[in-house]
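Work through these exercises with the structure open beside you. Try each task before reading its solution.

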Amino acid sequence: MPETPENQGAWLTQEAYDRLKKELDYISGPYRQEIVDRIEAAREEGDLKENGGYHAAREEQGKNEGRIAQLTSLLENATVGEKAADDGIVESGMVVTAEVAGNEMTFLLGSREVAEDLVGGTGMEVFSDHSPIGSAIKGHKAGETVTYTAPNGKEISVEILEAKPFEG
């Protein structure tokens, strides 16, 4: 099957892949068992309707299972490669500074799931390379101006000012 934006996986560096795989191994092994043990201990206390510990552990179990599913899917479909080349051409893993509809902004082009921990404290936005803006600028370089159609139907102009590899 040919790769399309719908079935193409996230692009990850080997370091990001390894970090996410380590997290998956932990939350699907020791941490999952820890939650099961807490649920069992809470069950033994009796009345489950009034048991806050039981309900908290079950909620934690649901969140953990969701994260396991998310990471499993992400890692199964990921494309693992080197860090983006420092050639000024916009691609996944690049920090892009652009003038978007007259406003200068800096953002990371990549997977939100992966970049969340990396840029979380920086306040930097993350755009998927499959998003309207990501699709429009991917493959272009500093000095070029492209347009894309926003979800509201408006044509938006983007001038790429700089594109450099993310150092995270």
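## Exercise 1: A strand and its partners

Strand S3 (residues 94–100) is mostly covered, with six of its seven residues buried. This is a predicted model.

**Task.** Find which strands S3 joins by bridges, and in which sense they run.

**Solution.** 
- Step 1. Start with S4. Seven bridges join S3 to S4, and the two run antiparallel.
- Step 2. Pick a facing pair. Glutamate 99 stands opposite glutamate 104 in S4.
- Step 3. Look at the connection. S3 and S4 form a hairpin, with two residues between them. Alanine 101 in the turn has a positive phi of about 50°.
- Step 4. Turn to S7. Seven bridges join S3 to S7, again antiparallel. Here valine 95 has lysine 164 as its bridge partner.

## Exercise 2: Two faces of a strand

**Task.** Sort the residues of strand S6 (residues 145–149) into a covered and an uncovered face. Then describe how S6 pairs with S7.

**Solution.** 
- Step 1. Val146 and Tyr148 make up the covered face.
- Step 2. Thr145, Thr147 and Thr149 make up the uncovered face.
- Step 3. S6 and strand S7 (residues 155–165) pair in the antiparallel sense over five bridges. Threonine 147 stands opposite serine 157 in S7.
- Step 4. S6 and S7 form a hairpin with five residues between them. Glycine 153 in the turn has a positive phi of about 95°.

## Exercise 3: Helix H2

**Task.** Check the span of helix H2 (residues 30–43). Then find where its buried residues point.

**Solution.** 
- Step 1. H2 has 14 residues. The expected span is 1.5 Å times one less than the number of residues. That gives 20 Å, and the end C-alpha atoms are 20 Å apart, so the two agree.
- Step 2. List the buried residues of H2: Tyr31, Ile35, Ile39 and Ala42.
- Step 3. Seen down the axis of H2, these buried residues fall within an arc of 85°, so they line one face of the helix.
- Step 4. Recall the general rule. An α-helix has 3.6 residues a turn, so residues three or four places apart point the same way.
- Step 5. Name what they pack against: helix H1 (14–28) and helix H3 (52–77).

## Exercise 4: Aromatic pairs

**Task.** How many aromatic pairs are there, and how is each arranged?

**Solution.** 
- Step 1. The count is two aromatic pairs.
- Step 2. Tyrosine 26 and tyrosine 31 have ring centres 5.7 Å apart and planes at 25°, so this pair is stacked. The cut-off for stacked is under 30 degrees.
- Step 3. Tyrosine 26 is at 42% relative accessibility, so it counts as partly exposed. Tyrosine 31 is at 16%, so it counts as buried.
- Step 4. Phenylalanine 107 and phenylalanine 127 have ring centres 4.9 Å apart and planes at 90°, so this pair is edge-to-face.
- Step 5. The phenylalanine pair links distant parts of the chain. Phenylalanine 107 is in strand S4 (residues 103–109) and phenylalanine 127 is in strand S5 (residues 125–127), 20 residues apart. Both are buried.

## Exercise 5: Confidence

**Task.** Where in the chain is confidence lowest, and where is it highest?

**Solution.** 
- Step 1. Take the average. The chain has a mean pLDDT of 83, and 83% of the residues score at least 70.
- Step 2. Confidence is lowest in helix H4 (residues 112–119), at a mean of 58. It is highest in S6, at 94.
- Step 3. Check the start. Over residues 1–7, pLDDT stays under 50.
- Step 4. Apply the rule. Where pLDDT is low, the predicted coordinates should not be read in detail.

Technical notes. Residues are numbered from 1 along each chain as its sequence is written. This is a predicted model: local features need pLDDT of at least 70, side-chain atom pairs count only at pLDDT 80 or more; totals for chains, interfaces and linings use all residues. Side-chain values use heavy atoms; hydrogens and water are left out. Helices (H or I, at least four residues) and strands (E, at least two) are DSSP runs, numbered from the N terminus. Buried means under 20% relative accessible area, exposed over 50%, partly exposed in between (1.4 Å probe, protein chains only). The arc is that of the directions from the helix axis to the C-beta atoms. Contact means heavy atoms within 4.5 Å. Rings of Phe, Tyr and Trp (its six-membered ring) pair if their centres lie within 6.5 Å; planes under 30 degrees apart count as stacked, over 60 as edge-to-face and the rest as tilted. Two strands pair if DSSP finds at least two bridges between them. pLDDT is the predictor's confidence in each residue, from 0 to 100.
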